Amino acid sequence: MTTTPPAKPFSLQAPVVYVTGKGGVGKTTVAAAIAYDASRRGQRAALVEFDDGESGARTLGADRSHVSHVVLEYDKALVDTLGAVLGAKIIARALVSHSALKRLISAVPALREFAFMDRVCALASSKRFDRIVVDLPASGHALDWLRVPNAFARFLGRSPLGNLGRRIHDEVVAVGRSEVIVVTLAEPLVVKETEQLCERLRRELGTVPALVVVNRVMQPDPDGAWEAVTALAEQNPSMESDARELMDILRARGDQADDTAYAFGLARAVEARHVVPLPESPHDPSASEVAEWLNRGVLS
Amino acid sequence: MSPIDLGMEGGGPMSRPPPSAMGTRLTVCVGGGGVGKTTTSAALALSLARRQRRTLVITVDPARRLADALGTEVGRHAQPVMLDGASEYLFARMPDSRMSLDDFVLWLFEDPVQRKRVMNNPAYRELGDSLAGVHELITIGLLQTEIDSGHWDEVILDTAPSRHALAFLTYPTRLLGLLEAKALGWLAALASNADPSQAEQKPKTGLFEWGRSKAEAIMGKIVGLEGLRNLSALFADMVSVRERWAGLARRTDNLLRNPSTRYLIIGAPTGGAMADASFLVRHLSQHGLQPSAIVLNRAESEPPACEQRVFDSITNTPPNVPSEQRDALERTLRAMQDEHRLRGEAAYRAIEGLQAIAPRGTSVIRLPFVHRSEPSAIVLALADAWQETGSDL
């Protein structure tokens, strides 16, 4: 059976928080909830998304007014970044609107990720927000994003872009400046991918997740149901095949409890500061609902 | 001649089926994250293999656990899949992306000196994995290799779980545009002229030359001398194999627009997955393509009949067990009924929503919620469900 950790509210220390996990686990929902929670505590909070703010807008819903929803677009981000390096936006705009150069720039490795990370850094430096929650892409890709500033610093050396990469890394990626929240589900495939993600976070960035969120956790079935259906299969021959089929289903439900326990074990193994389960919900939960669950820190 | 083919080092091709007489049909599965796209693709592949179609399913960057479930492994080559009814007809190819990128470079550059230079280039080493378009490139390379092999009746491509997975549709065209851009040749030429500050002193003729030297100076200012040298060396190497790129891009473009190629959108009854599905329908149509079907996965229909029968049985003739055990079972069954009802309602709303967005001629197919946790059991159950839908899929 699931061992639920003692309830304690989570706390985040660094101003910039990255949220990641396998696709479809509820990253945006958790990111929106963290931003909402910060704003409810009186902090100036931003939820940052890239390219497309549709899912963040949907989750924030009516709670949107509390949180600044920042949707970064690549074209703009690139002009801003190049403009900062060159000292004038107008040159940057001319560069990226030149038809041949535009194609060329589109081929520079990882410039897209770099420009987005630079904008996160600019938001942090602007001091407009106390908490910036960044909704990163899915697992493997998210790591690429976080590694890119330092990779630029390494291969571009002391050039302006290399220096900028170093600054971005020091200000919004380095340990102590940012925190990573990993969202997972109590499902075998998802937990496995989460494990790989946490290993890579530690190996490649020296980072431990501040919080592991195990999303959509079902209430375990009450003890005794298994014994009752086993007895039914043995005592009532006409019910045996139905009882055995039900046992398969109960076993699958029990597996979910095992997977939940496994996810908690994983969170402890990677020394995540907090691990919080969120309940399965029949509808798509809102940011404020999820924020409340996160603070409760235990299964409802 | 195919990209990412390692005939020499790999034993893969030996175990494959003989060439297909009828040509290969491609099915591209797209969908947002968390809809069960990989298991659904595998199940579709299995149901085709059961009809003795020689089938290959390609999944880039899979979870290792899925490979285990299919009785196969993550690796460079097509591996036979060990599942009931799959015998000799079902294969899977599950490469990881770094591996495939290196293989792609091996294919692209025939000259060993050039290969080595590219792989040692700091720009490639540091950023190779996160290079813009790399995932698209790998997908295309793998796909073309397998189609060219002529081994398959069916190839199922399980794309990355993202709204932007369709980026690979336009990648061949974008690639061609890039390779024909004057600027690429110009940057490549910088490899031999590594000091951009000198560019200003060269004799200049005309506006283009003037603009060019300015641009060189600006690029040098952004990435620095060393960076410019590495980047331009990388581009120079890429330009030298322009024809290989271009040939690949053209063939892939033909393949993706071939009328026999099918697109399936996979969804699930959640708000996010529904929004993704509708985004993907619009996105496909912007490219002049239409999905063959929209598949609603995890659509609860009739709850398993055993649940109600067990419920009736323990109510009418209680089994001889302590009453708290009987209560526990009863409470569990009630909780399951509630879950079925909620999931059933969500599935109903989702089907209505999907029918509303499905273009004329696109069918909406529902696959059941599978009450199992093991991936292999889910794949088997979904394959049965595919067959029961009776559609030509």
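In the predicted model, Ala225(A), Glu227(A), Ala228(A) and Val229(A) of helix H10(A) meet Gln325(B), Arg326(B), Ala328(B), Leu329(B) and Thr332(B) of helix H14(B), contact being defined as C-beta atoms, placed from the backbone, within 7 Å. The residues of this contact comprise five nonpolar, two polar and two charged (nonpolar: Ala, Val, Leu, Ile, Met, Phe, Trp, Tyr, Cys and Pro; charged: Asp, Glu, Lys and Arg; polar: the others, Gly among them). The axes of H10 (residues 225-235) of chain A and H14 (residues 323-357) of chain B come within 7 Å and cross at roughly 100 degrees; axes are lines fitted to C-alpha atoms, for helices over the stretch in contact, with angles from 0 to 180 degrees between N-to-C directions. H10(A) and H14(B) are therefore roughly perpendicular (65 to 115 degrees).

Residues are numbered from 1 along each chain as its sequence is written, and chains are lettered from A in the order in which they are written. As the model is predicted, local features need pLDDT of at least 70 and side-chain atom pairs count only at pLDDT 80 or more, whereas totals for chains, interfaces and linings use all residues.

Chain B contains 15 helices and eight strands (DSSP runs of H or I, at least four residues, and of E, at least two, numbered from the N terminus). Of its 393 residues, 47% are buried (20 or more other C-beta atoms within 10 Å of the residue's own).

An automatic or database assignment divides chain B into domain 1 (12-168 + 242-303 + 347-389) and domain 2 (180-238). Seven residues of domain 1 are in contact with five residues of domain 2. On the domain 1 side, helices H4 (112-120) and H5 (122-127) of chain B each give two or more residues.

Definitions and conventions. Two residues are in contact if their C-beta atoms, placed from the backbone, lie within 7 Å. A residue is buried if 20 or more other C-beta atoms lie within 10 Å of its own, exposed if 12 or fewer, and partly exposed in between; C-beta atoms are placed from the backbone. Angles under 35 degrees count as roughly parallel, over 145 as roughly antiparallel, 65 to 115 as roughly perpendicular and the rest as oblique.
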